[in-house]
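Biologist: Before we discuss any feature, could you show me the model and take me through how each kind of description should be read?

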Amino acid sequence: MRTRKDVWKLPAADQTLLWYARAIAIMKTRLVADPTSWRYQAAIHDYDPSDDPLAVPGDVLPSASEQATFWARCQHGSWFFLPWHRGYLFYFEQMLLKIIQQQGGPSDWALPYWNYSDLSNPKARCLPPAFWNPTLPDETPNPLLVTQRASGANTGKALGSPAGAENSTCLRKTVFVNSSTGGGAGFGGGSTGFSHGGSVPGACESVPHNTMHGAVGGPTGWMSAFNTAGLDPVFWVHHANIDRLWEVWMKRDPGNTNPTVAAWLSSIAFNFHDESGAAVTLTVNQVLDTTQPVLDYVYEDVSDPLAPAPPVPGVVVSAARSAMEAQRIPEMVGATDTREGITLGSAPQSVQFALHAPSGPAARELTPAAPRQVHLNLENITATRRPIESYMVYVNLPDGANPDNHPELLAGLIPRFGIVEASRRTREHAGDGVGYSFDISHIVSLLETLKAWDPDRLRVTFVPERTEAERAEPQPATLPIKVGRVSLYFA
Amino acid sequence: MTTGALPLPCPRWRHLLWRHPETWVFLLSAAAWCICIAPGELNLGLIPHVAHAFYGHAGHSAGHLLDACGAFHWSIMIVAMMFPTLVGQLRVVSARSLWFRRNRAIAFLLAGYSCLWLLYGFVLDAGFELLRTTAPIVLTFLAPFFFLVAVLWQLTPQKRQSLIACHITMPLAPSGWRADFDCYQYGFRIGTSCCLSCWALMLACAATGHTLWAMVIVALISWSERFVRRPSQLWFSLALCTAGLVASLVRNS
């Protein structure tokens, strides 16, 4: 069984990344119509013929029907996000492994993962030098180097913000599937069919997945766009970490369970190619256990990075908890009334809206075993084109206050990744943008304790997310994004 | 209309209605199907009687066709066949509304949704009436022809695009007349996309004289393509061909 290892903990003489680079160099020599080529593999995630940075005159693309079957298949804003990407990574890894073995490399080579959330590693949010050194040890160009990245990415600076790299929010989720009625995100995403425009991503997909995509890509880099993300070798080690987090979440609490419905397990067969280029299919139930064939791999570390929650008397834990969470019926208690939505630019911006006293289940169904949850929802977030900012969202941030001094009021982030794609009308999307749902119960509790919670009014502030490197040097002008509506739910 | 205010003694029922505020729409749709089936005739029983009384003539095939396109009949058909496709949007619009406005929001969405469909029905009615008076022989060939059109439309990218647009969501004002207007506008927007997506299906169905079998099969196709996770346009086209064949056989028997 192969072991996927932490890229920052590889021993000095370890050659995992060197073999990764050599195999990618060979994949890059293959024609785009070859399913085992670098460009083909990236196009499986998404492909835009008008924005293909590696296009060359005389390119012969796969047939239209082949493209429709295999390209632009990535699942986002959906409960298929995790299983689809697991299958995608697995077959990509198999292609690399075949090349590595042919080149005389280790037969147990496995894709490493980048654990940017590791609080014990001060460099966790930095890219390892192997991804930005200009050359390999033999002085040939480094295939892992991509210049289209965020400021500081290729000089060893920390990327994104700590809030965008953390994994505790998603790991603390107690259910896999999002509420279907506005009551917050689960770990894995919402139950969707073939069209999932305007839907809310799962907590793991939001942070750290989307946020770290945007952190590596910056406003204009490859990692920030669906169609170019797979062209950056960082993409694959990033997704290996996301895949690992799914294992961590499953193992950290016996109450954390995957969906068991056929609609998720077997309704869709994902199309991929194996290492020889032959077409294959995978269903979700084939990728649930990584230690079983077909997958046959484990992660070096799937320990729980969070302190286990102390048991609270009277609070239901374990499997029954999922059922209880599913019984919650969210109730909207207020929303912005902005006709044209809220346009966010490069300066902080605040909106306020009235709150109504709950009159439905949020007023009648509260019990000590199921304390009130409060969710801040951002609906129909759209943007026409890049470059755009990522934003940090604060609740009741006082006028003129420095957001850096109020991490306790940070509700969540709006990552730039995926917004433009979800705003386009395509064969898969209606073009109504993305949504995010933040559990702000702890913020509301804090404000109530401090007597600073106004039950009649809520103020939400959007602040562009900037790293230290980005603050230190001038940034390219960005285009606005629009938030269709901000709403508050009690559940 | 507030479900939450109703004195429902059973917590299970209360939770069911809280969780599924769209339930009454499905009851409405079921009632519409009952009206279609009630007399026990496969050609829609009661509705032609109403239409016959209105138009004052009895049913040869062209007469049936004219009857079938009456406004009342068309409205019943929209409620029966199309309202169930809105389950996702009904849940969205109620979840995105204040608790006491949920059913009102659903009602405004349905009003907006029905507008273009009703207009389409009136246009069809006028078209069939014109054909009946000027070239009645053409009516005989209309059903198979429109089923063929529906099959071809099913295979176009525009069909797929409009089907996806049926799933769109949009921001809604939380209160006041703008909340009502937004729900109406949302319904109109979905209705426009659905009209574009299903115009050929409904036209073919109408051209059979609203044979119940055609209605059932076309309804199943339109529901399926809204709810299956990866719809196959080819599969639906084949299903449509079957529907057309069955409907034609039933109609000519």
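**Reading the model, feature by feature**

Modeller: By DSSP runs, where a helix (H or I) needs at least four residues and a strand (E) at least two, both numbered from the N terminus, chain A comes to 15 helices and 13 strands. This is a predicted model, in which local features need pLDDT of at least 70 and side-chain atom pairs count only at pLDDT 80 or more, while totals for chains, interfaces and linings use all residues. Residues are numbered from 1 along each chain as its sequence is written, chains are lettered from A and ligands numbered from 1 in the order in which they are written, and side-chain values use heavy atoms, with hydrogens and water left out.

Biologist: What radius of gyration does chain A have, and what would a compact globule with 491 residues have?

Modeller: The radius is taken over C-alpha atoms, and the globule rule is 2.2 Å times the number of residues to the power 0.38. For 491 residues a compact globule would have a value near 23 Å, and the 22 Å of chain A agrees with that. Along its principal axes the C-alpha trace spans about 65 × 50 × 45 Å.

Biologist: How many residues does the largest nonpolar core have?

Modeller: Such a core is a set of buried Ala, Val, Leu, Ile, Met, Phe, Trp, Tyr and Cys residues joined through side-chain atoms within 4.5 Å; buried means under 20% relative accessible area, exposed over 50%, and partly exposed in between, with a 1.4 Å probe and protein chains only. The largest core here has 87 residues, and those with the most contacts inside it include Tyr20(A), Leu96(A) and Trp236(A). Helix 4 (residues 81–102) of chain A gives the most to this core, with 13 residues. A second, separate core of 63 residues includes Val79(B) and Trp153(B).

Biologist: Which residues is Tyr20(A) in contact with, leaving aside its neighbours within four places in sequence?

Modeller: Contact means heavy atoms within 4.5 Å, and with those neighbours left aside the partners of Tyr20(A) include Phe92(A), Leu96(A), Leu144(A) and Trp236(A).

Biologist: Is Arg4(A) buried or exposed?

Modeller: Arg4(A), found in strand 1 (residues 2–4) of chain A, counts as buried because its relative accessibility is 0%. Beyond its neighbours within four places in sequence, Arg4(A) is in contact with Glu93(A), Asp243(A) and Glu300(A), among others.

Biologist: Where is Glu275(A) found?

Modeller: Glu275(A) is found in the loop between strand 2 (270–273) and strand 3 (279–282) of chain A, and at 31% relative accessibility it counts as partly exposed. The C-alpha atoms of Glu275(A) and Phe90(A), 185 residues apart along the chain, are separated by 9.9 Å.

Biologist: Which residues does the cis peptide bond with omega of about 10° join?

Modeller: That bond joins Pro293(A) and Val294(A), with Val294(A) placed in the loop between strand 3 and strand 4 (297–299) of chain A. Another cis bond, with omega about 0°, joins Arg386(A) and Pro387(A).

Biologist: What is the phi of Asn396(A)?

Modeller: Asn396(A) is not a glycine, although its phi is positive at about 50°. The residue sits in the loop between strand 9 and strand 10 (410–414) of chain A, and with a relative accessible area of 16% Asn396(A) is buried.
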